[in-house]
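Me: I'm new to this one and would like to go through it slowly. Could you take my questions as they come?

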Amino acid sequence: MVKAVKGILVQCDESIKAIIEKIDKENGNTFILEALDDENLLISSGKINELKARLKSVLTDTVKEHEEPESNSDNNEMR
Amino acid sequence: MSLSSAVLDYLQAQPGVTFKRLYLQPPTVLAVLRRMLPHLAKNIIMAMLFMPEPFLEEDLLTWIRAEARPQRDEAMTVLEQLHILTLVPEPPTPRAYRLNTAFASSLRQALMGGGSTNSFGVPADKDAPGPKRTVEELDKWARKQWEAILYYMVGSAEREYSREGNISSGTRKLLEMGEFIIMRGGRADITKGGFTFLLQEANAQVWTLLIVYLENSESVSSIHTKSKVIENQSKDIEQLQMDPVEMLSFLFMLGSLELGQDYNTESLTKTQFHMLEDLHDFGIVYHPPDARGRFYPTRLATTLTSSDASLLSNPNSSLSMNSGKGSIILETNHRIYTYTSSPLQIAVLALFANLNSCYPNLVSGKLTKKSIQRAVEKGITADQIIDYLRTHAHPQMLKNQPVLPPTVVDQIRLWQIEGDRMEATPGFLLKQFVNANEYRETAQYAENLGVLVWRNDREHMFFVTRIEQLQQYLAKRKTQAPRR
């Protein structure tokens with residue numbers, strides 16, 4: 001019997017998937033309905049906005065660290 | 001086929017009874033045929049129109065080349081969903097189709113004449129008092145009202161413009177209900193849906209707004225009359241019940257009226273008369289304040305049921321404001337120049353570009369990471385921005401291949417990804433198929449329908465954006481299975 005599961009397909013690269021899985025684990029497995037493969041996840045319908053917000057905060061924390069040294073090195077070159 | 005997918009989606013969600021009543025009106029049937037069906041479906045209808053007996057499925061299949069199977073499936077699905085073609089229940093084999101009787105007789109009437117003339121509108125008396133309106137005046141009215149709506153959506157509540165074209169609070173409410181805008185601190189802010197709306201061609205925009213209007217008709221009744229009732233409480237609330245079937249018939253009828261001709265309001269039903277007020281506010285009809293017994297359809301109305309191309313290719317149309325000549329020049333250094341003085345277009349640009357100087361006929365600015373990400377945050381996607389730039393590119397830009405500098409296009413996409421690292425698609429995951437055959441054929445069917453997003457052949461699962469047609473398909477399979 002064919003089964004249909006309502007949800008949101010999230011397609012991302014493996015690194016992002018790892019972060020999503022981590023967020024899911026820390027929040028009592030409420031986000032992920034099913035891990036489909038390395039780059040695809042099925043997320044529960046009502047949770048997508050919360051997940052996006054959480055992912056964003058995780059990412060901005062990491063991205064900022066990268067950007068700072070970059071702009072410094074630019075300045076150095078100019079001098 | 002994507003001509004008016006919004007209308008199609010709306011219709012498909014209606015119960016069968018609605019169709020039965022809708023198809024009694026020749027203008028509706030004609031509009032459905034002209035506007036909403038793939039070409040193959042039109043052919044099938046025209047071929048079957050004068051057939052007295054149900055038509056065998058086998059015979060139908062021989063008309064269509066085997067390699068056109070995806071188109072055939074598409075055409076048949078649409079026809080069945082709109083209740084135009086029905087399977088004749090008895091006998092179950094061989095399967096045969098029949099045109100909906102109401103649909104067929106209305107279409108015959110529309111094509112060959114006859115029947116009551118009211119259905120295509122009653123022209124007003126030539127000697128009726130009051131000044132006549134010219135086509136130019138009507139175009140001006142339609143353009144003013146429609147631009148005011150768009151401009152309101154873009155969220156720049158500049159006094160100067162709102163004085164020129166004034167849209168009522170009812171229309172504003174409607175835009176909010178349609179989720180084109182959200183109110184933030186008393187100010188309208190555009191949403192993703194709103195931006196998609198802006199990017200559409202004028203005709204599609206009109207339909208999109210009308211669908212929202214139809215969908216909300218039952219809950220709000222006439223948006224204008226309601227506010228009036230509150231003003232003078234004496235009015236009978238009961239008469240405000242808006243019947244969606246009458247509303248739809250009226251819209252389809254408007255599509256077959258003639259521009260520049262005034263029509264009598266006497267043949268309209270109560271619901272339709274109420275609608276006039278709202279449509280007047282949208283700029284779709286002009287209902288002269290000094291002659292309440294008449295109304296004029298504007299160009300927005302008369303092109304409702306024609307194809308998009310006709311509006312574009314019509315040089316006389318003054319409504320080509322957002323579909324006509326392009327004016328945007330985008331350079332590889334992300335600088336953007338636009339030859340325009342339209343406050344609307346400038347406001348749209350300001351949504352995703354950093355504008356820094358404005359001359360009488362030219363604005364210039366730059367696409368920056370910040371400006372793009374600001375737009376992305378509002379829910380506007382990179383693809384929408386790129387689409388907008390491409391469709392509005394200056395003729396000189398169009399000589400380039402590709403039109404937009406690839407580096408800038410890539411950069412816009414990268415900026416978006418930086419803020420949003422995943423792609424989310426709502427829909428349904430289908431799994432646990434009985435055997436490989438069932439999986440393969442169902443997935444193939446989903447792919448032909450264009451709803452398949454992702455598949456995993458090893459695990460026998462796939463993901464689709466819509467499930468209704470697949471459900472039908474699977475149910476059909478089940479009934480056919482014993483025969484195999």
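Me: Where is the place of Ser106(B)?
Reply: Ser106(B) sits in helix H7 of chain B, which covers residues 101-112; helices here are DSSP runs of H or I with at least four residues, strands are runs of E with at least two, and both are numbered from the N terminus. This is a predicted model, in which local features need pLDDT of at least 70 and side-chain atom pairs count only at pLDDT 80 or more, while totals for chains, interfaces and linings use all residues. Residues are numbered from 1 along each chain as its sequence is written, chains are lettered from A and ligands numbered from 1 in the order in which they are written, and side-chain values use heavy atoms, leaving out hydrogens and water.

Me: Is Ser106(B) buried or exposed?
Reply: Ser106(B) is buried, with a relative accessible area of 4%, where buried means under 20%, exposed over 50% and partly exposed in between, using a 1.4 Å probe and protein chains only.

Me: And which residues is Ser106(B) in contact with?
Reply: Leaving aside neighbours within four places in sequence, Ser106(B) is in contact (heavy atoms within 4.5 Å) with Tyr23(B), Leu24(B), Gln25(B), Pro26(B) and Val29(B).

Me: Switching to chain A, which residues of H1(A) are buried?
Reply: In H1(A), the buried residues are Ile16(A), Lys17(A), Ile20(A), Ile23(A) and Asp24(A). Looking down the axis of H1(A), these buried residues fall within an arc of 120°, so they line one face of the helix; the arc is taken from the directions between the helix axis and the C-beta atoms.

Me: What about the other side of H1(A)?
Reply: There, Lys22(A), Lys25(A) and Glu26(A) are exposed. Just after H1(A) comes Gly28(A), which takes a positive phi of about 70°.

Me: OK, what is the strand order in the open sheet of chain B?
Reply: The four strands of that open sheet run in the order E9-E10-E12-E11, with antiparallel pairing, and two strands count as paired if DSSP finds at least two bridges between them. The edge strands, each pairing on one side only, are E9 (328-330) and E11 (354-359) of chain B.

Me: How many bridges join E9(B) and E10(B)?
Reply: E9(B) pairs with E10(B), residues 335-338, over three bridges in the antiparallel sense, and Leu330(B) has Ile336(B) in E10(B) as its bridge partner.

Me: Last topic: how many residues of chain B are in contact with chain A?
Reply: On the chain B side 28 residues are in contact with 26 residues of chain A.
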